[in-house]
Amino acid sequence: MKPRDLLDENASVDNAADPLAELEAILEAVQKDVSRGDKLTLIEQCARLLARAPLGAVDVYAAVIREKLNATKDTLVLAVHTARTTRSAASADGSAASFEPTAEDIAAAESVLKSPQIEGRFLAAMARLGVVGEALNLMLLLLTIVSRLLNRPICLVLKSASSAGKSFLMNMVLSILPPGECIVFTAASAKALYFRTDSLAHKVLVFMERPGAETNDYQVRILQSEGKLVYSVAEKDPETGQIVTVDREIEGPVAYIETTTEPVLHDENETRLFSASLDESADATSKIIVEQGRRAASRNADDANEVLTLWRTVHTLLKPADVVIPFAEKIATQFPSRVVRARRDFPRFLSLIEASAILYQHQRERDGGTVVATIEDYALARRLAAPLLETAILGANRKTRELIAAARELAGTESPGDVGAAKITANKMSKRLSASGWSKQTVRRHLKAAEEAGYLDLVHAQKGQEYEYRVTVVGDDICLALPSPEELAAEPRDVEVCQVEQGVPNADGTLNPNESSEMAEVYQPSQEGGGQVPLFDPKTIRGLRDPDCA
């Protein structure tokens with residue numbers, strides 16, 4: 001059988017979606033009477049597929065290849081080594097890129113990038129693709145994929161109940177990236193990232209669901225924190241035949257996105273990510289269903305192609321650049337610092353500002369080759385980060401806090417004199433929240449999250465019986481604050497804020513005992529005129545305590 005008969009004539013070994021499946025198809029079709037020339041071609045094809053296979057599969061398939069094609073070990077090792085080298089070179093010179101915008105496409109994209117309303121035009125584009133609402137999450141996803149161009153990209157997890165649309169939302173935003181800028185996994189073996197032959201540097205790395213990412217938790221965490229992976233492995237030198245130690249360095253950094261139905265991830269993962277929640281309200285569901293019906297009645301593929309071409313061209317025109325934030329020190333003095341994870345949250349917040357500056361780079365001033373971020377970049381980042389910082393500092397996301405508030409109301413009704421004596425169960429909470437679209441499964445997930453965050457105590461957990469919780473003692477109100485754009489833009493003498501209370505340094509540099517870690521409370525002008533309002537809605541956080549600082 002000829003090698004060309006083993007694969008479809010239009011298929012490419014190097015672009016096979018599942019290299020192991022293609023490899024198995026070749027090996028299954030191989031016949032004993034293959035000529036020497038065809039055998040060498042088959043070995044080369046198998047080696048190119050094997051070069052993309054996970055480490056654990058290499059030895060198994062290598063043995064089958066040698067048996068089926070009567071290949072020596074040295075021949076196969078050399079072929080795999082050559083295939084890996086070729087793929088690495090192709091990735092480095094960008095030959096894999098296939099998106100080539102026309103002059104008209106470039107002109108249209110430049111018009112977008114020079115418009116002060118990039119955000120509005122992006123949200124309108126997403127609406128044309130069928131996305132309903134979720135403006136903040138859409139912009140957060142946009143800045144995340146733009147941040148791939150930075151040295152400190154953003155990492156994000158989208159959380160919601162099953163069927164809420166988090167994968168659809170993510171896929172629509174990822175679809176506007178040019179080919180090759182995004183690497184999507186449904187799952188990967190434990191060492192798969194170590195043996196990729198293409199570059200991960202400044203790409204968007206995506207795991208569709210949390211279970212598919214669990215085997216790579218350690219690798220992804222290191223990639224997020226250190227910007228690269230280094231893996232030492234023993235390999236046979238194809239020239240000398242000696243076993244040598246080879247350091248495989250996988251370059252980053254990467255912007256990272258995953259989705260999950262879990263309210264809370266492992267702490268080592270959670271502190272490296274921004275956690276965003278989708279709108280699961282009945283009103284949002286109704287609007288989505290109406291849009292689904294409208295699109296089914298009048299589909300227009302040309303409309304989608306026009307949107308994708310325009311925004312892929314936009315991303316092609318965005319270029320990597322260093323970003324300076326002139327007012328970063330002023331932000332730092334006000335950034336919420338009550339929990340230790342703020343040491344990671346603050347750089348991530350700065351990355352949001354930098355990503356906005358990169359998105360608007362055609363409108364920003366330059367200091368040499370460095371883009372200078374503006375107050376407008378800060379205003380966008382501040383608006384997007386508000387619910388994310390609430391979740392980070394309070395230890396519970398918006399959905400969990402809704403359950404906590406409902407649990408406290410229920411406890412107050414059942415035991416007015418002592419709310420801690422009331423018994424909270426999943427059945428009681430389901431009845432109370434069912435009108436808001438909560439399923440019993442969702443209630444159970446968020447009861448567990450509220451317990452882990454310290455807002456509920458599990459007092460009865462016997463198998464076969466319903467778990468019982470009680471609300472914890474309500475702590476002081478927490479006011480989370482960042483300076484408003486107006487305050488940040490004002491001269492220091494014009495800004496009146498409550499500063500963090502600090503001890504006065506002694507002559508020897510030590511602080512007086514009155515040093516305090518209480519957070520500053522800074523107010524912003526009311527959007528409705530008159531008065532001052534906190535950055536975060538106090539109704540959502542009243543009575544919630546920070547478990548780490550109680």
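F207 is buried, with a relative accessible area of 0%. This value comes from a predicted model. The ring partner of F207 is F185. The centres of these two rings lie 5.0 Å apart and their planes meet at 20°, so the pair is stacked. Stacking here requires planes under 30 degrees apart. F185 is also buried, at a relative accessible area of 10%. Both values fall under the 20% cut-off for burial. F185 belongs to strand β2 (residues 182-185). F207 belongs to strand β3 (residues 203-207). The pair therefore ties together parts that are 22 residues apart in sequence.

The structure holds nine aromatic pairs. Another of them joins F122 and W311. Their ring centres are 5.6 Å apart, and their planes stand at 70°, so this pair is edge-to-face. The angle that counts as edge-to-face is over 60 degrees. F122 sits in helix α7 (residues 118-128), whereas W311 sits in helix α14 (residues 301-317). The contact therefore ties together parts that are 189 residues apart in sequence. Both F122 and W311 are buried.

Aromatic rings also form a cluster. Ring pairs link F327, F335, F346, F349 and Y378.

Charged side chains meet aromatic rings as well. The charged end of R348 sits over the ring of F274, at 4.9 Å from the ring centre. K399 lies over the face of W438. Here the distance to the ring centre is 4.3 Å.

Conventions: Residues are numbered from 1 along each chain as its sequence is written. This is a predicted model: local features need pLDDT of at least 70, side-chain atom pairs count only at pLDDT 80 or more; totals for chains, interfaces and linings use all residues. Side-chain values use heavy atoms; hydrogens and water are left out. Rings of Phe, Tyr and Trp (its six-membered ring) pair if their centres lie within 6.5 Å; planes under 30 degrees apart count as stacked, over 60 as edge-to-face and the rest as tilted. Helices (H or I, at least four residues) and strands (E, at least two) are DSSP runs, numbered from the N terminus. Buried means under 20% relative accessible area, exposed over 50%, partly exposed in between (1.4 Å probe, protein chains only). A charge sits over a ring if NZ of Lys or CZ of Arg is within 6 Å of the ring centre and within 35 degrees of the ring normal.
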